[in-house]
Amino acid sequence: MSQSRKHRGYRTQTIQAAYLKRHGFPHAEPTGAGRQGSDILGTIGIDWEIAARRGLPILEKMRQLEERQQDGKLGVILLRPDGMGEQSIERWPFIVCNADGVRLLRQAGYGDPLED
């Protein structure tokens with residue numbers, strides 16, 4: 001991996017951690033380049049995989065999340081496509097597995113009411 005890709009990846013982690021801090025996750029911190037595990041710490045129950053590169057490495061990133069799957073943690077992929085800078089962070093694609101997405105939608109009140 002080139003140095004510029006590493007720097008862009010780490011910068012993306014930093015940008016996302018700051019964004020999360022402003023939106024209800026006050027302890028969010030980037031992990032830094034080359035560290036194993038979640039790319040953002042301090043968001044209890046969430047395993048972040050950040051991809052700041054050309055193309056859509058969805059399958060690769062899903063496999064990374066599966067390899068470190070922990071019970072109860074929500075695996076999330078945040079993609080920062082080429083051409084989308086910091087000012088467009090609200091439009092960066094955010095990907096979760098279908099089962100997790102449906103569960104989150106149900107918990108948010110979409111679909112039939114959840115049974116107690």
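Me: How many salt bridges does the structure hold?

Reply: A salt bridge is a side-chain nitrogen of Lys or Arg within 4 Å of a carboxyl oxygen of Asp or Glu. The structure holds eight salt bridges. This is a predicted model, in which local features need pLDDT of at least 70 and side-chain atom pairs count only at pLDDT 80 or more, while totals for chains, interfaces and linings use all residues. Residues are numbered from 1 along each chain as its sequence is written, and side-chain values use heavy atoms, with hydrogens and water left out.

Me: Which parts of the chain does the pair Glu86 and Arg11 link?

Reply: Helices (H or I, at least four residues) and strands (E, at least two) are DSSP runs, numbered from the N terminus. The side chains of Glu86 and Arg11 form a salt bridge at 2.9 Å, N to O. This pair links distant parts of the chain, 75 residues apart: Glu86 lies in the loop between E4 and strand E5 (94-95), and Arg11 in helix H1.

Me: Where do Arg54 and Asp82 lie?

Reply: The side chains of Arg54 and Asp82 meet in a salt bridge of 3.1 Å, N to O. Arg54 is in the loop between E3 and H2, and Asp82 is in the loop between E4 and E5, 28 residues away.

Me: Is Arg54 buried or exposed?

Reply: Buried means under 20% relative accessible area, exposed over 50%, and partly exposed in between (1.4 Å probe, protein chains only). Arg54 counts as exposed because its relative accessibility is 68%, whereas Asp82, at 36%, is partly exposed.

Me: What separates Asp100 and Arg103 in helix H3?

Reply: These two residues stand three apart in helix H3 (residues 98-107), so about one helical turn separates them.

Me: Which residues of helix H2 are buried?

Reply: In H2 (residues 58-67), the buried residues are Lys61, Met62 and Leu65. They lie on the same side of H2 because they cover an arc of only 100° around the axis; the arc is that of the directions from the helix axis to the C-beta atoms. The face turned away from this buried side carries the exposed residues Leu59, Glu66 and Glu67. Lys61 also belongs to a network of salt bridges with Asp47, Glu49 and Arg68.

Me: What covers the buried residues of H2?

Reply: Contact means heavy atoms within 4.5 Å. The cover includes strand E3 (46-51) and strand E4 (74-79).
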